Amino acid sequence: MSSTLRVDIVSAEAEIFHGDATLVVATGEMGELGIAPRHAPLITRLKPGHVDVVLTSGERQQFWVSGGILEVQPQVVTVLADTAVRASELDEAAAQRAKKEAEDALANRTDAEDIAEAQAKLALALAQLQALERLRKNLKH
């Protein structure tokens, strides 16, 4: 019995990560998921947020996804996302600007479609900022 999983994180643009891990943590629709080797198969949608991968060396790699699908097989975890980046590559200034623009749009909109679009943009910006905060916290340890 293997004590590792193969992990693939793929965005619409490229493969972001491919490697072996002992644990994957992601935020699904119903909450936080921890996936270890021999986990029961499942498919779930991911919320915008972090995906943490604990490598066999013990090193933790952090990624941010805009949402997507998580597929789990006993020895393989696949994350399919529209957008996925390493947390260390997130641009905090751009996320702050996007947050401000979304908040301004919410304050000035009355149309339901405009409000929904602004809320979605705000959720993405907040998820990026939370991922950056988690990365900073983990670097301090």
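**Exercise 1.** Is F17 buried or exposed, judged by relative accessibility?

*Solution.* The structure is a predicted model, in which local features need pLDDT of at least 70, side-chain atom pairs count only at pLDDT 80 or more, and totals for chains, interfaces and linings use all residues. Residues are numbered from 1 along each chain as its sequence is written, and side-chain values use heavy atoms, with hydrogens and water left out. The classes are buried (under 20% relative accessible area), exposed (over 50%) and partly exposed (in between), with a 1.4 Å probe and protein chains only. F17 has 8% relative accessibility and therefore counts as buried.

**Exercise 2.** Classify the aromatic pair of the structure and locate its members.

*Solution.* Rings of Phe, Tyr and Trp (its six-membered ring) pair if their centres lie within 6.5 Å; planes under 30 degrees apart count as stacked, over 60 as edge-to-face and the rest as tilted. The structure holds one such pair. The ring centres of F17 and F63 are 5.5 Å apart and the planes stand at 55°, so the pair is tilted. Strands (E, at least two residues) are DSSP runs, numbered from the N terminus. F63 has a relative accessible area of 0% and is therefore buried.

**Exercise 3.** Describe the surroundings of S66.

*Solution.* S66 sits in the loop between β5 (60–65) and β6 (68–73). Its relative accessibility is 18%, so S66 counts as buried. Leaving aside residues up to four places away in sequence, S66 touches P48, D82, T83 and L124, where contact means heavy atoms within 4.5 Å.

Methods: Helices (H or I, at least four residues) and strands (E, at least two) are DSSP runs, numbered from the N terminus.
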